[in-house]
Amino acid sequence: SGNDLMVRIEMSKPRVYEQQAVVCTIKLYTKYQISKFMATKQPSFDGFLIEEIDTQAALNQDEVLNGQHYKVAVLKRCILYPQQSGKLTITSGNYDVGVVQYENYRTPFGTMSQPVERQLTVQSNQSTVNVLPLPEPRPATFTGAVGKFSVKTSLKNPDLKTYKAAVYNYCIEGTGNIKYIK
């Protein structure tokens, strides 16, 4: 049935500001053993800058979704930075999946089961994020970085002598689109 095998797009937040990071995870949910998996059409992320996070797709997690138990594989995980306000939609993707089911049949020795491979095409859901515009008025020094950041500075040797080199560290830490900090 449609609930035995599915691909879902999940967003970490339903509403964000422009340039605020949101994590997108694409997961495969199955009740069957998978023999083959091929993406025939990837979801599109129009309106977003995307930064992919390395993942190894393996059915190594168990999850309960709507009261049903599934084996789950994370197919793709990425950080999205919306570039405009409004409703942004991640379109669905298409996937060809080979599943192994076991059919039971009767023999003179009892009931036996035999693996049978079936080819299925699965379409993921669409996912929408409501993107709010950045508050106005923007500061004159605003460069587009959105998030929570902290700045730490240090001078390696505070006892300086004339014409001697010094090491000055300037460290920015936090979460957000740090690449926009100038």
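## Thr25 and its surroundings

Let's start with a polar contact: the side chain of Thr25 reaches the side chain of Arg77 at 3.4 Å. This is a predicted model, so read every distance here as computed from predicted coordinates. Thr25 sits in strand β3, which covers residues 22-30. Is Thr25 buried or exposed? With a relative accessible area of 8%, Thr25 is buried, because the cut-off for that label is under 20%.

Which residues does Thr25 touch, once neighbours within four places in sequence are set aside? Arg8, Ile9 and Glu10 are in contact with Thr25, and so are Val74, Lys76 and Arg77.

## Salt bridges

The structure holds nine salt bridges. One of them pairs the side chains of Arg8 and Glu10, with an N to O distance of 3.6 Å. Both partners are partly exposed: Glu10 has a relative accessible area of 21%, and Arg8 comes in at 27%.

Next up is the pair Glu52 and Lys76, whose side chains meet in a salt bridge at 3.5 Å, N to O. Glu52 belongs to strand β5 (residues 48-53) and Lys76 to strand β7 (residues 68-82), so this bridge ties together parts that are 24 residues apart in sequence. The two ends fall into separate exposure classes: Glu52 is exposed, with a relative accessible area of 53%, whereas Lys76 counts as buried at 16%.

Then there's Arg118 with Glu103, where the side chains form a salt bridge with an N to O distance of 2.5 Å. This one also links distant parts of the chain, with Arg118 in strand β10 (residues 110-123) and Glu103 in strand β9 (residues 94-107), 15 residues apart. Arg118 is partly exposed at 33% relative accessible area, and Glu103 is partly exposed at 37%.

How do β6 and β7 run relative to each other, parallel or antiparallel? They run antiparallel, and five bridges join strand β6 (residues 61-65) to β7. Leu65 faces Gln68 of β7 across the pairing.

Two residues lie between the strands of this hairpin, and Asn66 takes a positive phi near 55°.

## An open sheet of three strands

Now for a sheet with mixed pairing: three strands make up an open sheet, in the order β2-β11-β8. The edges are β2 (15-17) and β8 (86-90); each has a single partner strand, so one side of each is left without a neighbour in the sheet. From one strand to the next, the twist averages 35°.

Take the β2 side of the sheet. β2 and strand β11 (residues 127-132) run parallel and are joined by three bridges. Arg15 has Asn130 in β11 as its bridge partner.

## Thr128 in strand β11

Thr128 is found in strand β11. What does the side chain of Thr128 make a polar contact with? The partner is the side chain of Thr89, at 3.3 Å. With neighbours within four places in sequence left out, the residues in contact with Thr128 are Pro14, Lys87, Leu88 and Thr89.

Thr128 is partly exposed, with a relative accessible area of 38%. Its C-alpha atom is 10.0 Å from that of Lys13, a residue 115 places away along the chain.

Leu80 is worth a look in the viewer. Not counting residues up to four places away in sequence, Leu80 touches Met11, Gln20, Ala21, Val22 and Cys24, along with Phe45, Phe48, Leu49, Ile50 and Ile90.

Definitions and conventions
Residues are numbered from 1 along each chain as its sequence is written. This is a predicted model: local features need pLDDT of at least 70, side-chain atom pairs count only at pLDDT 80 or more; totals for chains, interfaces and linings use all residues. Side-chain values use heavy atoms; hydrogens and water are left out. A salt bridge is a side-chain nitrogen of Lys or Arg within 4 Å of a carboxyl oxygen of Asp or Glu. Buried means under 20% relative accessible area, exposed over 50%, partly exposed in between (1.4 Å probe, protein chains only). Helices (H or I, at least four residues) and strands (E, at least two) are DSSP runs, numbered from the N terminus. Two strands pair if DSSP finds at least two bridges between them. A polar contact is a pair of N or O atoms within 3.5 Å; within protein, one must be able to donate a hydrogen and the other to accept it, and residues adjacent in sequence count only if both atoms are side-chain atoms. Contact means heavy atoms within 4.5 Å. Axes are lines fitted to C-alpha atoms, for helices over the stretch in contact, and angles run from 0 to 180 degrees between N-to-C directions.
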